Amino acid sequence: MPSLLPTGLVCLILSQLSLPATSQRLPQILQVDVTDYKPITNVDCPDISTQPLLRTFSAENQTLHPQEVEYVNTRSQNVLPNAWADWLGDGSSLGYKLSDFQNNFPKVGIAIPGGGLRAAQYGAACLEALDARNDSAKAAGTGGLLQVASYMTGLSGGSWITGSLFFNNWPTIEKLVFGDENLSGWMLDLPFVTPDGSNLFSDENQWFFGSVLWSVMAKAQTGIDTSLVDPWSRMISYHFLNQTTRSNFFDNSTAHGAGQLWSDIPKLPTYQNHQAPFPLVVADARPVGSNLTTALGLEATVYEITPLELASYDPSLSAGMNLTFVGTRLTEGRPDNGTACVVGLDQAGFVMGTSAGLFNQIVDFARNTITDFSDEDGAGLLYVMSRLLRSVRTRADDVANWPSPFTGLNAGRFQDSEANWLELIDGSSNGENIPYAPLFVKARALDVIVTAEGSADIPVLNWPNGSSLIMTRARQSTLLRISHQQFPPIPDKPEDFVELGVNARPTFFGCFPESPSDYPLVIYLPNAPPFNGEVPVANTATFQLTYTLKHTRKMFDQIHKNLLAGWVPNTNDADPNWGTCLKCAAIDRARFKVTPNVPRSSQCTECFTRYCYDPANPTNKSQLPNRKLEFEDPDPQGVDRLGGFFSKSKFALIGAAIGLVVLIAALTFGLLWWKKRKNQEAEYKRILYNDSEWDAEPLAEPLFMKHATHKKMSSYEMK
């Protein structure tokens, strides 16, 4: 059975016990109970004359957090030279002599976009194909790029894989997703919202809902307003953080990730050993008071959440708040009083939930409906939301509510200068589904940006079409010219991405700059139709929240083969030189870091001819023959499985007869199930409210919470 106290948690506890006497001792956020999701308020603030909570700078004179600089530099000096050598050898296979670069290696970042579980799985499979710990990736020459990266950004589903890697101590992707003797894996076959199936009133679902709501109520009781993002964050934690197993999923024998803080990442072994890229998560801000239920414009503030601060490098703000004390309201950088500070708001689940909070665009409160999710998931979310709204005080129900530390800053320029709250939502809400913004910040000076592109831009088919790159280019060329590097040349329209075929194969953007400081080189690795003509299984819908183990395995295998194959024009063959070409792209900017500059080698020139986007010599989608575009479920369940059977049956009359029998049985079962559910629902309402009316006022203490301190499932039994 997997350990309930993973290595990272043990080290975190030990690190707290060994704090030096001179450190400010903060109240300890435990990780033993689901109520540890609550922050702690009325904490003594540090002396802001010597330890400011707020860091400000200008767009023209940017500064990074000093501890970020220290982490990246230490990793660059002590870890990356060996990682580059392990990956590239002496450089001779690329036509270079590695020693000629004098350890002046490119600074590499990896961006993992949003798109729910599809994006999380694609991002994970992409990292596996770039990981030197994977034997087949190592053999293909692609494994090693992950090890030389300095930064990793995640957005929405991309934030889930980012957080999951760190809070599970940076295991291999195989162990992280599928589990081993120490890890339970992501357990994506258990639905996010209704893990016991579609019956909201089953015992197991009621225990799960009770645990989730108990966590959120504990937070609300501190006086910090909650929203639908909070139960969503707790649901994410069950799958992507540690402490949850199949055997304890429906009980409270662990905290299920509650109490694990984003600001505690620097205490984890992976971080302390500089083993991993520096992590950042992206979220957008809806202007407070706007109540927008649509996508945001490019002018909306974009935030990044690092282990050190909540910050924005947008010229309109240019500030960062100490993440340990995030949740503390500041006015012009000062707390209301010396004991007005908050710690523990930066729950890892809440950070990931914030980045993936798209509820303002899909929840219709007036009609009590939620779009895009399946009927079961939508019903579950609405049910939890209705219970939440009756149980605790909320503010804006469809956003993540973060008390603002930026009040009073940059009046007239910063959109929320006069607000006491930040309304943070999904990082793709402004059209930038790839979390590029932190990686293009000028002060970070990245040379290469790898894009694990798992977006689903094309309706129905769910393949990317370059929309996010185009939106980022537009934002950087207008609003961010002072603060961010510019985007390299790309096709002008999504239709051009598709017509040129660059959305369906590995592509390098920015291969031919006049000066290396013009823009970074972008290595674009899109989720694409299988190169060998297989039926695709990875282009699933964004709001699909359940995957069978068989589907996940087939998805990972197919993505892995694709990413190790590269492309050969006009064939369905794998490129045996793809690993070499990927190395050429990663090392290319190092040529400009030494004097005299190193000429591009003939091997790498040949690679760039095939993989670089060159408007003067465009490719065409016709060079990608026999690619199948339509998704086919590799492990159909229920009605889908029957549908697949009928579609393949050669015996139409037999199929019709079976269909009629199934229909009659389904109607009969449905009526019996409906009657049973109504009885359960009535019984639930009676017990919870002691009243037969759905709109009756709840009891001061709902009965399913009455014995919540018990650790067993029976603690939540409803009848």
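# Reading burial and helix packing

Modeller: Buried residues make up 59% of the 719 residues in the protein chain. Keep in mind that this is a predicted model.

Biologist: Which secondary structure elements does the protein chain have?

Modeller: Both kinds. The protein chain has 20 helices and 18 strands.

Biologist: What share of the contacts links residues 24 or more positions apart?

Modeller: Take the contacts with a separation of 6 or more. In the protein chain, 73% of them join residues 24 or more positions apart.

Biologist: And the surface? How much of the accessible surface belongs to carbon and sulfur atoms?

Modeller: The accessible surface comes to about 27900 Å², and carbon and sulfur atoms hold 54% of it.

Biologist: Which residues of helix 11 are buried?

Modeller: Ala348, Gly349, Phe350, Val351, Met352, Gly353, Thr354 and Ser355.

Biologist: How do helix 9 and helix 11 pack?

Modeller: Read the angle and the axis distance together. Helix 9 spans residues 229–240; its axis lies 8 Å from that of helix 11, at an angle of about 115 degrees. Angles of 65 to 115 degrees count as roughly perpendicular. Helix 9 and helix 11 are therefore roughly perpendicular to each other. Their crossing is right-handed.

Biologist: Which residues meet where helix 9 packs on helix 11?

Modeller: Helix 9 brings Val229, Asp230, Trp232, Ser233, Ile236, Ser237 and Phe240. Helix 11 answers with Gly349, Phe350, Met352, Gly353 and Thr354. By class, the contact of helix 9 with helix 11 holds 6 nonpolar, 5 polar and 1 charged residues.

Biologist: Give me a second pair. At what angle do helix 3 and helix 17 cross?

Modeller: At roughly 150 degrees. Helix 3 is residues 80–88, helix 17 is residues 578–587, and their axes come within 11 Å. Angles over 145 degrees count as roughly antiparallel, and that makes helix 3 roughly antiparallel to helix 17.

Biologist: Is the crossing of helix 3 and helix 17 left-handed or right-handed?

Modeller: Left-handed.

Biologist: Which residues make the contact between helix 3 and helix 17?

Modeller: From helix 3, Trp84, Trp87 and Leu88; from helix 17, Leu582, Lys583, Ala586 and Ile587. The contact of helix 3 with helix 17 has 6 nonpolar residues, no polar ones and 1 charged.

Key: Residues numbered from 1 in each chain as written. Predicted model: local features only at pLDDT ≥ 70, side-chain atom pairs only at ≥ 80, totals over all residues. Heavy atoms only, no water. Helix = DSSP H or I, 4+ residues; strand = E, 2+ residues; numbered from the N terminus. Buried < 20%, exposed > 50% of the residue type's maximum accessible area, 1.4 Å probe, protein only. Contact = heavy atoms within 4.5 Å. Areas by Shrake-Rupley, 256 points an atom, 1.4 Å probe, with all protein chains shown as cover. Axes fitted to C-alpha atoms, helices over the stretch in contact; angles between N-to-C directions. Parallel < 35°, antiparallel > 145°, perpendicular 65-115°, else oblique. Left-handed = near helix turned anticlockwise from the far one by under 90°. Nonpolar A, V, L, I, M, F, W, Y, C, P; charged D, E, K, R; others polar.
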